[in-house]
Amino acid sequence: MAKKILKTIAEPSFTAIGYVILFLLFAYTLTPLVWLFITAFNPRGGPYLEIPKEITLDNFIRVFTGERGTGGTGTAAHPIYMSRWIANSLFIGFATMLITVLLSAPAGYALSRLEFKGKDFLMTAILLIGFMPMTSKMLPLYRLGKILGLIDNLLGVAIVIASGTIPTQIWIIKGFFDHIPREIEEQAWICGCDYLATLFRVVLPAAGPGLAVVAFLSFLSGWGNFTVPLIMIYSEPLYPISLGLASIFVHNPGEIGLAIDYGSACALSVIYAIPPMVVYYIFREHLMKIRLGKIEIR
Amino acid sequence: MFSEIKNWVRVNVRNLTLTLFMIPALAILIIFQLIPTIWTIWISFTDMALIGKKFLNYSFIGLRNYIEAFSDSYFWLSMRVTLYYCLASLVIRFMLGLAAALYITSKKFKGKRIMAAVFLLPYIIPGAIHSYVWLSMLETDYGTVNRILVALNLPPQSWMYERLTESIIAINCWAGYALAMLVLVSALTSIPKEYYEISDIYGASKWFKFRKITLPLIKYPLILTLILIFKEDIDDFTYAYMFTGDTPYPDYRTEIIALYAYHKAFSDFELGFGCAIGFIIAIIVFIITLIQLKMGGI
């Protein structure tokens with residue numbers, strides 16, 4: 001009897017506790033993002049969460065026209081090149097994507113088809129080759145960039161970012177090639193295809209989804225990267241969005257005043273956040289599977 | 001005879017082509033990953049400084065940087081901060097991730113897709129947005145967090161100074177708990193339902209099912225998650241940097257080890273020393289990665 005009463009009380013209260021924790025988790029996760037989103041549409045945005053009296057698209061327009069904020073709680077503390085930052089980020093993203101796909105797809109294919117001594121070692125070495133934390137690689141990378149003329153050069157940034165993401169992408173694309181049976185290739189040879197024709201007509205189409213995943217992931221790592229541009233880009237018009245946002249907010253860490261144009265900064269970061277969200281939405285099934293493998297992608 | 005030669009040529013041309021496929025990727029990796037890494041290790045054995053005569057006329061001093069690091073009281077202070085930061089982040093990220101995973105996989109709570117999308121949001125938006133959104137949220141006078149605390153009749157906190165370490169941990173956990181969630185969700189959903197059905201037939205208790213079925217099957221993903229989280233936390237100092245700036249706080253409250261390496265190299269200009277600490281971090285990360293690879297393919 002007592003047990004039954006306990007059960008009728010315990011079950012619903014557990015559910016209630018469950019909902020309370022769920023609510024707290026939601027609040028923790030969403031409050032900053034809600035602030036970001038609302039402030040982007042608020043003509044008088046500030047660091048506090050408030051329901052705007054009117055909704056405006058001015059902030060987004062300012063991002064693209066590069067005008068200084070007139071409304072809001074103050075004017076921007078320094079010149080804004082936001083539309084150029086977006087263009088720079090796009091360029092870095094697409095260049096990273098192109099370089100990564102062009103280099104890692106052949107390498108992944110070769111590693112999938114070739115059998116040689118020390119292949120496992122090579123695969124591990126590829127993954128561990130850049131194991132030094134970015135902090136301490138900064139100076140060598142800077143001087144290397146200087147020697148090769150890659151400082152203040154968006155293509156140089158893309159190459160360095162690509163070199164950081166290629167190891168993971170080789171592992172991913174090799175996994176996709178491993179799943180394409182060799183018999184298909186052999187059949188193509190029997191039917192008179194030569195080697196390269198087999199590659200372009202049979203293997204590449206079959207590896208299409210894998211290539212797409214690699215392309216999008218490498219685009220994202222170029223699009224979102226912060227440290228590499230920090231080392232290699234010094235002139236403000238060449239900043240990607242990540243550096244631009246940091247330069248708006250971090251000039252005086254710990255004492256952000258009201259002199260920040262919150263509205264257009266938030267509009268810029270809403271624009272900044274959209275491509276990754278779209279990509280994750282399209283590829284979520286694939287990404288779950290890859291994450292189950294040995295490596296982690298970011 | 002002729003066909004044998006033809007076959008031999010064909011096989012070797014194929015192998016040669018495949019080897020050539022690997023060259024570009026490996027070249028980029030060697031130039032932009034391996035060389036900076038080795039360069040860093042070399043600097044760590046010298047007394048190179050960022051400014052002054054020692055920038056060019058540095059000399060090889062063997063292990064002295066390492067001996068100095070291990071006898072430096074600030075190094076150990078920073079290690080203690082790192083330990084606090086990493087352990088707190090590890091526990092909180094794991095618990096939040098586990099909670100989120102349980103909500104997504106449980107039958108009781110509705111709206112799994114929406115929940116998953118919400119939980120993933122902070123993880124997929126670019127990292128540059130995290131820091132400054134939270135800089136605004138935690139602002140002492142105008143920040144949203146303190147406003148909420150006041151609205152709930154709780155005393156506002158000085159998030160930017162007195163509770164700085166906790167603030168950084170909170171941001172890190174906010175941005176990263178979805179990683180634990182992803183691994184745990186795929187581990188939990190990959191357990192075949194038949195196992196539970198069979199144990200139901202035999203009348204097994206919930207605790208028995210958890211101990212004998214769930215736990216053994218998610219043991220490897222669990223350990224893998226912990227390793228991944230630790231690896232991410234130890235060499236990423238973006239949030240700590242955003243809240244600290246270029247000089248450490250006098251009591252080193254935010255000085256996690258990666259930030260200490262950065263400050264030593266670029267604020268105190270002791271490049272060799274900073275690189276030595278970087279290499280110590282790298283060795284820690286390296287060992288962790290090797291363990292992770294050994295456990296591999298879950």
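**Exercise 1. The interface between the chains**

How many salt bridges are there between chain B and chain A? Characterise the contact between the two chains.

*Solution.* 

Step 1. Note the source: this is a predicted model.

Step 2. Take the ion pairs. The count between chain B and chain A is 0 salt bridges.

Step 3. Take the polar pairs. Chain B and chain A share 10 residue pairs in polar contact, both residues at pLDDT 80 or more.

Step 4. Sort the chain B side by class. The side that touches chain A has 64 nonpolar, 18 polar and 8 charged residues.

Step 5. Get the extent. In total, 90 residues of chain B are in contact with 87 residues of chain A. The area buried between the chains is about 8,500 Å². Carbon and sulfur atoms give 78% of that area.

Step 6. Find the main contributors. Phe21(B), Phe32(B) and Tyr132(B) supply 8% of the area that chain B buries against chain A, more than any other three residues.

Step 7. Assign by element. Helix 1 (residues 2-44) of chain B gives the largest share of the side that touches chain A, 24 residues.

**Exercise 2. The domains of chain A**

*Solution.* 

Step 1. Chain A is divided into domain 1 (2-65) and domain 2 (82-292).

Step 2. Count residues. Here 13 residues of domain 1 of chain A are in contact with 14 residues of domain 2 of chain A.

Step 3. Take the area. The two domains of chain A bury about 1,100 Å² between them, with 81% on carbon and sulfur atoms. On the domain 1 side, Leu36(A), Val63(A) and Phe64(A) lose the most area, together 41% of what that side buries.

Step 4. Locate the elements. Helix 1 (2-41) and helix 2 (58-65) of chain A each give two or more residues to the domain 1 side. By class, that side has 8 nonpolar, 4 polar and 1 charged residues.

**Exercise 3. The domains of chain B**

*Solution.* 

Step 1. The assignment gives domain 1 (2-44) and domain 2 (69-295) of chain B. Their C-alpha centres lie 38 Å apart.

Step 2. Contact links 4 residues of domain 1 of chain B to 5 residues of domain 2 of chain B.

Step 3. These domains of chain B bury about 390 Å² between them, 85% of it on carbon and sulfur atoms. In domain 1, Ile41(B), Ile43(B) and Ser44(B) lose the most area to domain 2, together 83% of what that side buries.

How values were computed:
Residues numbered from 1 in each chain as written. Chains lettered and ligands numbered in written order. Predicted model: local features only at pLDDT ≥ 70, side-chain atom pairs only at ≥ 80, totals over all residues. Heavy atoms only, no water. Domains from an automatic or database assignment. Contact = heavy atoms within 4.5 Å. Buried area = accessible area lost by both parts, 1.4 Å probe. Salt bridge = Lys/Arg side-chain N within 4 Å of Asp/Glu carboxyl O. Polar contact = N/O pair within 3.5 Å; in protein donor to acceptor, adjacent residues only side chain to side chain. Helix = DSSP H or I, 4+ residues; strand = E, 2+ residues; numbered from the N terminus. Nonpolar A, V, L, I, M, F, W, Y, C, P; charged D, E, K, R; others polar.
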